[in-house]
Amino acid sequence: MNLHAVNLAAGCVVILGISLVLFRAIRGPTSYDRVLAMNVIGTKAVLLVALIGFITGRPEFLDIALLYAVINFVATIAILKFVEYRRLG
Amino acid sequence: MTHWIDWTSTALLLLGSFVLLSGAVGLIRFPDFYSRLHAAGKNDSLALILFMIGLLLQSFRYGTVGLSAGIRLVLIVAFILVTSPVATHALSRAAWIDRVQPWRREGTND
Amino acid sequence: MTDYVLLDVLLLALLTITAVAAVAMRNLFASTVILSIYSFLMACVWSNMDSQDVALTEAAVGAGVSTILLLGTILLVGSREKPERAVHWPALLAVTAVGAALLYGTADMPRFGDPQSPANSSRVSKGYILQDVPKVADAAGHHTGPRSEGNYFHDHVPNMVTAVIVSYRAYDTMFETVVIFIAGLGLILFLRRRTS
């Protein structure tokens with residue numbers, strides 16, 4: 001069972017998923033559609049970095065994936081606070 | 001012993017890819033923001049959990065480095081499980097306060 | 001086509017689409033969100049190239065801080081773009097000429113990871129690459145033992161960036177902490193709430 005090929009195929013599927021969601025980020029009629037697309041692409045980037053770590057044989061990339069999950073959440077909440085309160089503080 | 005671990009990991013990755021792609025297709029095709037929020041939030045988190053369990057099964061072949069990788073995978077899953085519902089709720093609340101209207105089928109008044 | 005090249009090509013195609021979309025949007029808030037997506041994809045490209053520190057920095061700076069600073073700018077400036085969209089011909093010509101010159105220049109670059117390239121085979125680089133790295137530390141973290149007795153890996157620093165920095169670690173870290181402290185101080189002074 002060639003797990004390397006399976007991981008590579010899963011990486012390509014994740015990139016395909018990112019491109020589909022990108023369409024919604026460009027198109028989305030309301031700004032909340034775009035913020036939702038940013039959140040989803042952030043989660044998929046977490047997945048992609050973890051997969052790249054296993055493809056290249058370095059599980060140290062999981063630290064980066066954990067950081068992305070945190071940054072994704074903080075950026076989403078910050079954008080929503082901006083949109084609701086119209087100020088940054 | 002390693003044979004069924006490989007097959008289970010492949011099956012989990014395959015299932016996770018299917019859930020991921022169906023969520024992305026739903027994000028394109030659904031008619032309004034709230035239904036897209038359903039598709040994106042649920043499918044995304046589930047796909048991540050399935051992928052991470054599949055990778056956790058694969059990390060056993062790395063020895064002690066795989067053990068720390070497995071712990072980090074579990075940490076990622078725990079963090080996403082906690083914060084993804086919070087982000088989804090914040091999104092839907094912000095959209096509701098901003099008076100984004102849900103989609104209604106033409107001709108009904110429910 | 002090897003595996004990282006395949007992922008690289010797909011990610012770069014997505015990056016091109018994202019960059020064109022970020023420029024072509026009229027709503028500046030949408031441009032900000034798409035630039036955040038660009039930064040996430042860029043961080044994936046850096047991870048694909050095996051550089052974890054650059055990927056960490058790109059995620060933290062691009063997707064986190066830069067997005068929020070751009071949002072603060074939109075607060076002050078407003079989120080509509082100016083309606084004039086004519087093509088600026090001198091700028092287009094200059095950009096095309098410089099881009100063509102750069103592409104012509106990259107045709108002469110050495111292969112990715114070539115050991116005979118000038119960066120990897122000059123005397124200074126050899127001095128960094130051919131270092132001896134201690135094998136294992138005892139419980140207190142000290143490396144003891146003479147070099148010739150199997151306590152050191154001969155010529156073995158696995159990462160090129162580490163090979164340079166590990167000699168100058170103290171200077172590097174000290175000045176980087178100063179830079180980050182000044183940046184954080186600037187941000188705090190910039191973004192605090194004025195209660196007056």
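How many helices and how many strands does the secondary structure of chain A come to? Select chain A and colour by secondary structure: there are three helices and zero strands. This is a predicted model, and everything on this tour is read from it.

**Chain A as a whole**

Follow chain A along its sequence, and the pattern is α-α-α. Along its principal axes, the trace spans about 55 × 25 × 10 Å. The radius of gyration of chain A is 16 Å, well over the 12 Å that the globule rule gives for 89 residues, so the chain is more spread out than a compact globule. Even so, 58% of the 89 residues of chain A count as buried. Take the contacts in chain A between residues at least 6 apart in sequence: 48% of these join residues at least 24 apart.

**Two helices of chain A**

Next, select residues 31–55 of chain A, which are helix H2, and residues 62–85 of chain A, which are helix H3. Two packed helices are described by the angle between their axes and the distance between the axes. Here the axes come within 8 Å and cross at roughly 175 degrees. Angles over 145 degrees count as roughly antiparallel, so H2(A) is roughly antiparallel to H3(A).

Show the side chains where these helices meet. On H2(A), the residues in contact include Val35(A), Met38(A), Asn39(A), Val46(A) and Val49(A). On H3(A), look for Leu62(A), Ile64(A), Tyr68(A), Asn72(A) and Leu80(A), among others. Colour the residues of this contact by class: 14 are nonpolar, seven are polar and none is charged.

**Chain A and its neighbours**

Bring back the other chains. Two pairs of chains touch, and the most contacts are between chains A and B. Chains B and C do not touch, and their nearest C-alpha atoms are 14 Å apart.

Then select chains A and C together. Their contact takes 36 residues from chain A and 35 residues from chain C. Which elements of chain C give two or more residues to the side that touches chain A? They are helix H1 (3–24), helix H2 (28–48) and helix H3 (52–77) of chain C. H3(C) gives the most to this side, with 12 residues.

Finish by colouring the side of chain C that touches chain A by class. It has 24 nonpolar, eight polar and three charged residues.

Note on methods:
Residues numbered from 1 in each chain as written. Chains lettered and ligands numbered in written order. Predicted model: local features only at pLDDT ≥ 70, side-chain atom pairs only at ≥ 80, totals over all residues. Contact = placed C-beta atoms within 7 Å. Helix = DSSP H or I, 4+ residues; strand = E, 2+ residues; numbered from the N terminus. Nonpolar A, V, L, I, M, F, W, Y, C, P; charged D, E, K, R; others polar. Rg over C-alpha atoms; globule rule 2.2 N^0.38 Å. Buried ≥ 20, exposed ≤ 12 C-beta atoms within 10 Å, placed from the backbone. Axes fitted to C-alpha atoms, helices over the stretch in contact; angles between N-to-C directions. Parallel < 35°, antiparallel > 145°, perpendicular 65-115°, else oblique.
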